[in-house]
Each structure stands twice: as C-alpha cells, then as structure tokens.
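Student: I would like to learn how to read a model of this kind. Where should we begin?

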Amino acid sequence: FGAAIADLKDRAKDALSDGDVAAAESLYTEGLAILAKHRESRKHSRDELGNGSTGESSHENESEEEEEEEGHRNTAAILYSNRSYCRAQSQRWLESIADAYAAIELRPDWAKPYYRIAQAKAGLGDYRNAVAACRQGQRLLEDRGDRSREFVALMDEISNEAFLSGSLAGFDGRLLLVRSAGEEAWLGREAPANPLIDDVAEDGAAHLSQLGLGREWDGDGDGDGGAGGDEDHAGLDDGTLAALAARRKSEALAKTSMQSFRSLKEAVGEAKDGDRILLLRGIHNTGGATIFVDKRVLIRSEGTLEETTIDHRGNSPIFRITRNAVLQNVDIDMTGFRESLYVSGGPKVCPVIEHCRFRCSGDDAINVAGQAKPIFRKCHVVHSKKVGLRLFDRAGGEY
C-alpha cells in the first residue's frame, strides 16, 4: 500500500514537471481512492479480529490502530493539498478551495493548505479572505517556530493584485498620519512637536523612570490605570504629574488604529506590513535622508498633488523601495545629484507607483535595478537633466 501511494506521488510529480496538470490531478485522485479502499479494508479486518483481543494485546492493537490512522490522515491531507494545487493551475478555484479545506480537516495544524486557499481566493477576486488565509497560515508557521516567509511573499503578491483591482485588502492595518513641516520644511526640519502626542510623553517616561515609577504605577497606587484622588498625588511635583498625564495620553493613543508622526521617515520606521501612511496637506521634508521602504506599506498624500509635496535636498534618493509597496498621489521635489526614486530587488519586487509627479535636478528622476518590475500608472516626470526613467541590469516593469 505505502509503495503504491509513493509511486503515484512520484508519477504525479513527474507529470507536473512535464506540464501535464490533468494527469497529475488524476493520479492524486487515484491515490485518494486507493487510500480510502485500504482504510475500509483495514477497518473491516480489525472489526473481525476485535472480539478476540483482550487485556494487554487489546491496548497494543489500539495504539497501532491510532498510529496507522494518523498516517492515513497525513497521507490523505497531502494528496488533497496536491490536488488542490492542480485544480488551481486549471483555475478551478472552488474545487481547489474544497480540497484545501479537506486537507485542513485532516491536519488542522498544517499551514500549506492555507497557501492553496489564499491563491484560490485571490483567483476568485476575494482578496480579503485571501489575505486572511495568508495570515492564518503564517500564524501556524510561527506557532511551530518556523521562520520561513512564504506567506509574506504571497501576501505581497496578493496585495499588489488587489490594489490594482481597486481593493485595499493587503493594506488594512493602521493609519499613520504624517504632519506637515510647514515653514520648518525649508530649513530641513520635521513637523513642529505637538506636546500632547510627541516627545513630551517620551521625556515624561524617562522622568518617571528616574523617580522609580514604572508602568505598574498609574497614579492611584493600584496599578489599574485609574486616576487617584488628590491625596494620592501628595509629594509629587508638577513635572511628575504632567509626565503621568502625558504617558496616559500616549498609551491611549497607541491603542488606537491611528497615530501621528512628525516626519515620513519616522512613520515608515514605525510602520508594519499592511499599514497606510498618509501625508497631510503641506510641505514635508526628509532631512536629506533616504527613506528605505522594505515593508508592505501604502504611502499616499492627502488632497491634490499641488497641496502636498515632499521636499528633499540631498545627494541620495528620497525613496529606496525593495518590497511590494504602494506610492500613490505623491508630489516629489528633489534637489541633488542623485535620482529621486530607486527601486531594486528580485523579479517579485513589483511596487506600484501611481499618480505621482517627479521633479529632480539629478541626471535621472527614477532608477530601477536588479530584476525589479515596478508598475507605474499615471505618473509624470516634470524635470530631470537627462532621462526620466533608467533601467539597469535585468529590470523591467510596466510604464
């Protein structure tokens, strides 16, 4: 029995290598039929012999039966998952999903079927559930201590496809707001500090730490985060009381889905995969530093291109993008010798640059290197010394 199943799997693998998906699917179906027949035969044999088993031999038989049944379930799960793949290759999405769920029912702790579900859901245009399947699969891997990133790469791909189809399914995380630097932008500075949400809270935390008041102390002595009466604050100076209030506001803000930052660089540094970064109306400054975008984030400006601008003065690109991210509705004014945007990476690095405007005093406005394949839609290069877009190595994309 085991040899027959192994032979079928090998033949199916060869068929897939030859591009014969139908033959591979047929072999996996045959394997499931053989497995079902073998399980039924074994069950019938055990039923016939069961009445004569007593004592220690009965316990041994039960243990062997459980081990054999687990082997059957694992084998069936693999066959269902592989057949799910074949059906997805034929774009029979619903049948692929059904097989994947059959595999999950047999092996609930196995991540691979969620990969199949995510691909099939994306094929159906159900991007939100495709992303949800990716996250579930990634959680199973992490629970097992597996640090592979196969679901991360798949979610990048699905998020791109979803965005190009008008869905933000892959960018459903937090909303990070970046305040305009205003008059400070021309001086290379970030937005003015807001004492309610910026560094006052950080300074206050440091002040509390120096006084030996950690997070377990919340002002009323019971550690529950509540506010005590005036008698509980006896002996505390105004600076400590202000620090406590600022910390409470900071922690309350951190629990919300929306946060505010003084610079784009700060926001990108804080962002996680799936977050959206919104540049509020006005002038934004990078401080001459390059912003490395190695996360799946969506960066866009509020209002029209005339209302929100990134002013960059330096001899390094404004953005270095090495991941499937989205840059949307951004006006870039670059003063320096280098390009304003640099995209690089392997063939699966396909960031979307949509409705952006580039002004660059360097030779090139945009450089793409490696095998990256960015997708540009409705973008305009207003100025550059030589060329608007230059491709290096084996870079490609849509322009």
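Tutor: Begin with one cut-off: a residue counts as buried when its relative accessible area is under 20%, and as exposed when that area is over 50%. Bear in mind that this is a predicted model.

Student: What is the relative accessibility of Ala103, and how does it count?

Tutor: Ala103 has a relative accessibility of 0%, so it counts as buried. This alanine lies in helix H4, residues 93–106.

Student: Which residues does Ala103 touch, not counting those up to four places away in sequence?

Tutor: Ala103 touches Ala77, Tyr80, Ser81 and Pro113.

Student: How is Asn82 classed on the same cut-off?

Tutor: Asn82 has a relative accessible area of 19%, so it is buried. Asn82 belongs to helix H3, residues 55–89. Leaving aside neighbours within four places in sequence, its contacts are Tyr28 and Arg116.

Student: And what is the relative accessibility of Ser159?

Tutor: Ser159 is at 0% and therefore counts as buried. Ser159 is part of helix H7, residues 150–164. Beyond four places in sequence, Ser159 is in contact with Gly170, Phe171 and Arg296.

Student: Next, a whole helix. What span should helix H1 have, and how far apart are its end C-alpha atoms?

Tutor: H1 runs over residues 2–17, and its 16 residues should span 22 Å at 1.5 Å a residue; the end C-alpha atoms are 23 Å apart, which agrees.

Student: Which residues of H1 are buried?

Tutor: Ile5, Leu8, Ala12 and Ala15 are the buried residues of H1. They cover an arc of only 85° around the axis, so they sit on the same side of the helix. Ala3, Lys13 and Ser17 are exposed on the other side of H1. Just after the helix, Gly19 takes a positive phi of about 85°.

Student: How should I read buried nonpolar residues as a group?

Tutor: In soluble globular proteins, nonpolar side chains tend to be buried together. Here the largest nonpolar core has 35 residues, of which Leu264, Ile277, Ile299, Phe319 and Leu341 touch the most other members. A second, separate core has 21 residues, including Tyr115, Ala118, Ala122 and Leu154.

Student: Which residues is Leu264 in contact with, leaving aside neighbours within four places in sequence?

Tutor: Leu264 is in contact with Val178, Ile277, Leu279, Ile291, Ile299, Ile310 and Phe319.

Student: How many helices and strands are there in the chain?

Tutor: The chain has 10 helices and 17 strands. It has 399 residues, and 43% of them count as buried. Among contacts with a separation of 6 or more, 64% are between residues 24 or more positions apart. The accessible surface comes to about 20400 Å², and 49% of it belongs to carbon and sulfur atoms.

Student: What is the mean pLDDT of the chain?

Tutor: The mean pLDDT is 86, and 80% of the residues reach 70 or more. Over residues 215–231 the pLDDT is below 50, although this stretch has 23 contacts in the model beyond near neighbours in sequence. Where pLDDT is low, the predicted coordinates should not be read in detail.

Conventions:
Residues are numbered from 1 along each chain as its sequence is written. Side-chain values use heavy atoms; hydrogens and water are left out. Helices (H or I, at least four residues) and strands (E, at least two) are DSSP runs, numbered from the N terminus. The expected span of a helix is 1.5 Å times one less than its number of residues. Buried means under 20% relative accessible area, exposed over 50%, partly exposed in between (1.4 Å probe, protein chains only). The arc is that of the directions from the helix axis to the C-beta atoms. Contact means heavy atoms within 4.5 Å. pLDDT is the predictor's confidence in each residue, from 0 to 100. A nonpolar core is a set of buried Ala, Val, Leu, Ile, Met, Phe, Trp, Tyr and Cys residues joined through side-chain atoms within 4.5 Å. Accessible areas come from the Shrake-Rupley method with a 1.4 Å probe; for residues, only the protein chains shown count as cover.
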